[in-house]
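Work through the exercises below with the sequence and the model at hand. Each task is followed by a stepwise solution.

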Amino acid sequence: MSENSPRPDDPECPGKPGETTESSRRSALLKAGALQNAILNSANFSIIATDEKGIIQLFNVGAERMLGYRAEEVVNRVRPSDMHDPHEVHARATALSLELDTPIAPGFEALAFKASRGIEDIYELTYICKDGSWFPAIISITALRDDYGDIIGYLLIGTDNSVRKRVEQQLNEAVDAAEKANQAKTDFISSMSHELRTPLNAILGFAQLVESGTPVPTPTQQRSIGQILKAGWYLLELINEILDLALIESGKLTLSGEPVSLTEVLAECRAMVEPQAQQRGIGMVFAQLESPRYVKADRTRLKQVLINLLFNAIKYNQRGGHVTVVCTLRANDVVRISVRDTGPGLMPAQLAQLFQPFNRLGQESGTEEGTGIGLVVTQRLVHLMGGQIGVDSTPGVGSVFWVEMALTEAPQQAELGTLPVDPPWPEAASGMPQHTLLYVEDNPANLELVEQIIERRADMRLLGAADASLGIEFARVYQPEVILMDINLPGISGVEALKILRADPATAHIPVIALSANAVPRDIQKGLEAGFFNYLTKPIKVVQLMEAVDAALQVAETTSGPAAHQESA
């Protein structure tokens with residue numbers, strides 16, 4: 001290096017460290033100033049700074065654009081609280097007073113109280129513009145402090161919340177509309193279910209009576225009656241499936257989660273489906289469980305799931321084929337229930353469409369009846385019970401439908417052993433006193449049907465009343481042991497009639513059985529909660545009706561009404 005060359009540490013050297021540091025500092029200050037100006041001049045945010053008393057000292061371009069005031073109109077003149085809806089400011093002061101257990105005055109104190117205590121505060125209030133218009137704003141407020149920690153003012157940064165509010169309102173309106181549509185659909189289906197069940201009750205009820213009546217029908221008549229019953233029960237099945245699907249989709253189907261014995265449920269399902277399998281020449285194989293197993297499920301709905309899978313395995317099987325039911329333990333305390341058939345199997349394209357509603361996978365022109373709803377309901381019921389459902393199928397070999405459910409502990413009151421056998425109808429002994437039943441029903445066909453059912457019991461007699469008012473009077477005068485009550489009655493409903501009967505000491509002891517076409521689960525639950533002894537749905541199943549009546553009679557024998565007291569006296 002020559003003597004005339006400048007040294008790096010020479011003060012006059014252009015590249016000396018001191019000059020570079022100073023240049024960087026000036027550049028940083030310029031950038032910070034530009035950034036500060038960009039923030040203050042932003043049209044998307046209202047930036048308002050106040051002194052320690054809340055008087056506005058800075059009012060940026062964004063605040064001017066949003067609120068319509070010029071800075072000179074508000075600086076050193078007003079507080080931000082003066083630009084808010086006074087009712088909202090007052091409400092905020094009241095709410096904060098309760099929250100912080102200290103009196104807070106309406107005004108700027110209500111806006112700045114938390115910030116003055118070092119508490120982060122973001123709130124939503126309505127801004128009132130110069131022209132009288134308004135808009136909702138989200139505001140963040142921070143206390144400004146000097147080097148000694150003393151408050152010298154407040155900084156309020158606000159954004160227009162109109163768009164989000166509008167979207168929220170539209171969303172809420174859409175949700176309300178959807179809920180109303182769901183409710184309307186549920187009410188419509190409930191009403192249609194009632195209207196369809198009422199004539200079905202007469203069709204199936206009288207057909208059952210003719211089938212089991214005296215003299216015994218001829219073989220030709222038996223075949224005709226069989227067709228009537230088959231068509232009627234099938235129509236009832238369709239009504240139930242559509243009702244179930246609608247309730248599931250509306251989210252109003254409630255399920256219980258309780259320990260359910262697989263041994264018992266499978267035995268009950270087998271008893272229900274085996275007669276159909278025998279008629280079609282289908283063999284049934286139910287593998288025995290090595291030890292009792294319990295799953296967490298809704299017992300009624302689990303049976304519905306398994307019966308649907310078993311019926312399908314029988315329906316779509318080949319004659320002389322077989323259905324095999326196997327239970328296998330999986331990892332994580334899960335049991336898989338598999339239903340295997342020897343039918344034609346399913347192609348991959350059919351498997352992809354299997355759980356679509358009203359899709360019968362090309363079976364529409366076949367001989368088997370169906371709607372394509374059953375498997376959809378089955379899948380959704382399984383999912384609602386916390387389980388999984390699936391299928392494995394090989395064309396030409398058969399299909400395996402499986403359901404996986406979580407295992408659980410046995411209930412303490414569970415009794416192991418064989419299932420109880422349904423008791424036969426009790427025979428009337430010679431000289432047995434007659435029991436009086438009262439049936440409150442406005443439909444003549446339904447009344448006649450129950451009359452013919454009761455006529456087969458020598459130990460019973462039936463009184464009929466066409467409306468609730470007459471039924472209440474009959475109950476007071478004749479003191480029946482059991483009352484059968486329709487729900488949809490002219491004038492006073494069956495539920496109101498029950499309340500009147502319960503409030504009267506002369507009739508409060510009489511068991512009342514609801515017999516209604518209102519078959520929606522919520523209607524059944526409401527009926528039982530209202531105090532009905534039992535709730536039976538139409539169409540009437542004769543055996544089920546008589547079992548319910550006998551159970552009510554047993555209860556009636558343990559109670560005594562005023563009439564009984566008079567006789568004993």
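**Exercise 1. Determine how many contacts beyond four places in sequence the model has for residues 364-371, where pLDDT stays under 50.**

Step 1. pLDDT is the predictor's confidence in each residue, from 0 to 100, and contact means heavy atoms within 4.5 Å.

Step 2. For residues 364-371, the model has 18 contacts beyond four places in sequence. Residues 358-362 also stay under 50 in pLDDT, and there the number of such contacts is 16.

Step 3. Where pLDDT is low, the predicted coordinates should not be read in detail.

Step 4. For the protein, the mean pLDDT is 80, with 81% of residues at 70 or more. Helices (H or I, at least four residues) and strands (E, at least two) are DSSP runs, numbered from the N terminus.

Step 5. The model is predicted, so local features need pLDDT of at least 70 and side-chain atom pairs count only at pLDDT 80 or more, while totals for chains, interfaces and linings use all residues. Residues are numbered from 1 along each chain as its sequence is written, and side-chain values use heavy atoms, with hydrogens and water left out.

**Exercise 2. Locate the partners of the salt bridge between D486 and K538, and state whether each is buried or exposed.**

Step 1. A salt bridge is a side-chain nitrogen of Lys or Arg within 4 Å of a carboxyl oxygen of Asp or Glu. The whole structure holds 20 of them.

Step 2. Between D486 and K538 the N to O distance is 3.5 Å. D486 sits in the loop between β15 and α14 (494-503), and K538 in the loop between β17 (534-537) and α16 (542-557), so the pair ties together parts 52 residues apart in sequence.

Step 3. Buried means under 20% relative accessible area, exposed over 50%, and partly exposed in between (1.4 Å probe, protein chains only). D486 is buried at 4%, and K538 is buried at 2%.

Step 4. Take K114 and E99 for contrast: their side chains form a salt bridge at 3.3 Å, N to O. K114 belongs to helix α5 (residues 108-116) and E99 to helix α4 (residues 86-100), 15 residues apart. K114 is buried at 15%, whereas E99 is exposed at 51%.

**Exercise 3. Identify which residues touch the most other members of the largest nonpolar core.**

Step 1. A nonpolar core is a set of buried Ala, Val, Leu, Ile, Met, Phe, Trp, Tyr and Cys residues joined through side-chain atoms within 4.5 Å.

Step 2. The largest core has 39 residues, and M284, V295, L302, L310 and V323 touch the most other members. Helix α9 supplies its largest share, eight residues.

Step 3. Beyond its neighbours within four places in sequence, V323 has contacts that include M284, L310 and V339.

Step 4. A second, separate core of 24 residues includes L67, A115, A137 and I141.

**Exercise 4. Describe how β4 pairs with β3 and with β5.**

Step 1. Two strands pair if DSSP finds at least two bridges between them.

Step 2. Strands β3 (residues 121-128) and β4 (residues 134-145) are antiparallel over eight bridges. E124 has I138 in β4 as its bridge partner.

Step 3. β4 and β5 (residues 151-160) are antiparallel over nine bridges, with T142 opposite L155 in β5.

Step 4. Five residues separate β3 and β4 in their hairpin, where G132 in the turn has a positive phi of about 90°. The hairpin of β4 and β5 has five residues between the strands, and G149 takes a positive phi near 90°.
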